[in-house]
Amino acid sequence: MSQIITFYSFKGGVGRTMALANLACLLAAKKRRVLIVDWDLEAPGLHYYFAPYDEQARSDTGGTIGLLEAMADDRVSD
C-alpha cells in the first residue's frame with residue numbers, strides 16, 4: 001500500500017527539508033521504497049543532504065524546474 005506524506009509550511013527555515021530527508025532515510029532503512037521530491041522552487045536544498053553519499057546529488061542537474069523545462073522541450077528520455 002502506497003502513502004503520500006507531505007511537509008508544508010509558509011515559513012522558511014523551520015526544518016521541513018531536514019525532516020523529509022530524515023524520514024526518507026528511516027523508511028529506506030526499513031527496506032521501504034521511497035521517492036522524495038523537493039518542491040521548494042525558490043530555495044531547493046534536499047540534494048545537499050545526500051551529496052556526501054551520492055555523486056549525482058553533488059552535480060547540478062537543474063532540479064524540478066530543469067526537469068519540467070526538459071519535459072516541455074521533449075528532451076526527457078524514458
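Leu-41 is located in the loop that connects α1 (16-29) to α2 (46-50); helices here are DSSP runs of H or I with at least four residues, strands are runs of E with at least two, and both are numbered from the N terminus. Leu-41 is partly exposed, at 46% relative accessibility, where buried denotes under 20% relative accessible area, exposed over 50%, and partly exposed the range in between (1.4 Å probe, protein chains only). The model is a predicted one, in which local features require pLDDT of at least 70 and side-chain atom pairs pLDDT 80 or more, while totals for chains, interfaces and linings use all residues. Residues are numbered from 1 along each chain as its sequence is written, and side-chain values rest on heavy atoms, with hydrogens and water left out.

Leu-41 also belongs to a nonpolar surface patch of about 830 Å², together with Leu-35, Val-37, Trp-39, Ile-65, Leu-67, Leu-68 and Met-71. Patches consist of residues with over 30% relative accessible area and no salt bridge, like charges being joined within 9 Å and nonpolar side chains (Val, Leu, Ile, Met, Phe, Trp, Tyr) within 5 Å. A salt bridge is a side-chain nitrogen of Lys or Arg within 4 Å of a carboxyl oxygen of Asp or Glu. Accessible areas were computed by the Shrake-Rupley method with a 1.4 Å probe, and for residues only the protein chains shown count as cover.

Further residues of the loop between α1 and α2 were examined. Lys-31, placed in this loop, has a positive phi of about 65° although it is not a glycine. Most residues other than glycine have a negative phi. The relative accessible area of Lys-31 is 77%, so this residue is exposed. Asp-40 lies in the loop between α1 and α2 as well and is partly exposed, with a relative accessible area of 26%. Ala-43, in the loop between α1 and α2, is partly exposed at 49% relative accessibility. From Ala-43 to Gly-12 the C-alpha distance is 9.4 Å, for a sequence separation of 31 residues.

Arg-16 is part of helix α1 and is partly exposed, its relative accessible area being 23%. Leaving aside residues up to four places away in sequence, Arg-16 touches Phe-7, Tyr-8, Ser-9, Lys-11 and Asp-40, a contact being defined by heavy atoms within 4.5 Å. Arg-16 and Asp-38 are 22 residues apart in sequence, with a C-alpha to C-alpha distance of 9.9 Å.

Aromatic rings of Phe, Tyr and Trp (its six-membered ring) were paired if their centres lie within 6.5 Å, with planes under 30 degrees apart counted as stacked, over 60 as edge-to-face and the rest as tilted. The count is one aromatic pair. The ring centres of Tyr-8 and Phe-10 are 5.4 Å apart and the planes are at 70°, so the pair is edge-to-face. Tyr-8 is exposed, at a relative accessible area of 63%, and Phe-10 is exposed at 79%.

In helix α4 (residues 63-72), the buried residues are Thr-64, Gly-66 and Ala-70. Viewed down the axis of α4, these buried residues fall within an arc of 160°, so they line one face of the helix; the arc is that of the directions from the helix axis to the C-beta atoms. Asp-74, which follows α4, has a positive phi near 60°.

For the protein chain as a whole, there are four helices and zero strands, in the order α-α-α-α along the sequence. Of its 78 residues, 14% count as buried. The chain exposes about 7100 Å², of which carbon and sulfur atoms supply 56%. Among contacts between residues at least 6 apart in sequence, 35% join residues at least 24 apart.
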